[in-house]
Amino acid sequence: LQKVDLAARTVTIKNGDGNAETFLFTESTQIVGTADAQGLSVREGSQVTVGYTDKDGRKTAVRIEVVPK
């Protein structure tokens, strides 16, 4: 997890290829491993798994899971 922008409701991660990917999240995004989206911001640097939909080039997270260390 590289960056969390609460105002824009986005998270940026580094994927397995080392490339940055940005995902939108909504109130219905399931967040596992921390209480809520605000909790993600203090978890920057953690490994996460993101399940998402890709519609018209717009990636929206349906699940963000913080992987325990």
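Among contacts in the protein between residues at least 6 apart in sequence, 41% join residues at least 24 apart. A contact here means heavy atoms within 4.5 Å. The model is predicted: local features need pLDDT of at least 70, side-chain atom pairs count only at pLDDT 80 or more, and totals for chains, interfaces and linings use all residues. Residues are numbered from 1 along each chain as its sequence is written, and side-chain values use heavy atoms, with hydrogens and water left out.

Start with the overall layout. The protein has one helix and six strands. Along the sequence they follow the pattern β-β-β-β-α-β-β. The radius of gyration is 11 Å, close to the 11 Å that the globule rule gives for 69 residues, so the protein is as compact as a globular protein of that length. That radius is taken over C-alpha atoms, and the globule rule is 2.2 Å times the number of residues to the power 0.38. Helices (H or I, at least four residues) and strands (E, at least two) are DSSP runs, numbered from the N terminus. Along the principal axes, the C-alpha atoms fill a box of roughly 35 × 30 × 20 Å.

Now the surface. The protein exposes about 4,500 Å², and carbon and sulfur atoms supply 44% of it. Accessible areas come from the Shrake-Rupley method with a 1.4 Å probe; for residues, only the protein chains shown count as cover. Of the 69 residues, 32% are buried. Buried means under 20% relative accessible area, exposed means over 50%, and partly exposed lies in between (1.4 Å probe, protein chains only).

Next, the charged pairs. A search of the whole structure finds two salt bridges. The term covers a side-chain nitrogen of Lys or Arg within 4 Å of a carboxyl oxygen of Asp or Glu. One joins Lys59 to Glu21, with the closest N and O atoms 2.5 Å apart. This pair links distant parts of the chain: Lys59 sits in strand β6 (residues 58-66) and Glu21 in strand β3 (residues 20-24), 38 residues apart. Lys59 counts as partly exposed because its relative accessibility is 22%. Glu21 has a relative accessible area of 17%, so it is buried.

Another salt bridge pairs Arg63 with Glu65, and here the closest N and O atoms are 3.1 Å apart. Arg63 has a relative accessible area of 31% and is therefore partly exposed. Glu65 is also partly exposed, at 26% relative accessibility.

Strand β3 also takes part in an aromatic pair. The count comes to one such pair. The rings of Phe23 and Tyr52 have their centres 4.9 Å apart and their planes at 55 degrees, so the pair is tilted. Phe23 is in strand β3 and Tyr52 in strand β5, 29 residues apart, and the pair thus links distant parts of the chain. Rings of Phe, Tyr and Trp (its six-membered ring) pair if their centres lie within 6.5 Å; planes under 30 degrees apart count as stacked, over 60 as edge-to-face and the rest as tilted. Phe23 is buried, with a relative accessible area of 1%. Tyr52 is partly exposed, at 38%.

Leaving aside neighbours within four places in sequence, Thr10 is in contact with Lys3, Val4, Asp5, Thr22, Phe23, Leu24 and Phe25. Thr10 belongs to strand β2 (residues 10-14). Its relative accessibility is 15%, so Thr10 counts as buried.

Thr29 is another buried threonine, at 7% relative accessibility. Thr29 lies in the loop between β3 and β4 (30-32). A polar atom of the Thr29 side chain lies 2.7 Å from the backbone oxygen of Ala61. Not counting residues up to four places away in sequence, Thr29 touches Ala61, Val62, Arg63 and Ile64. Arg63 is the residue that forms a salt bridge with Glu65.

Finally, check two loop residues for backbone geometry. Arg9 has a positive phi of about 60 degrees although it is not a glycine. Arg9 is in the loop between β1 (3-5) and β2. Its relative accessible area is 33%, so Arg9 is partly exposed. Asp56 is also not a glycine, and its phi is positive, near 55 degrees. Asp56 lies in the loop between β5 (48-55) and β6. At 78% relative accessibility, Asp56 counts as exposed.

Notes. A polar contact is a pair of N or O atoms within 3.5 Å; within protein, one must be able to donate a hydrogen and the other to accept it, and residues adjacent in sequence count only if both atoms are side-chain atoms.
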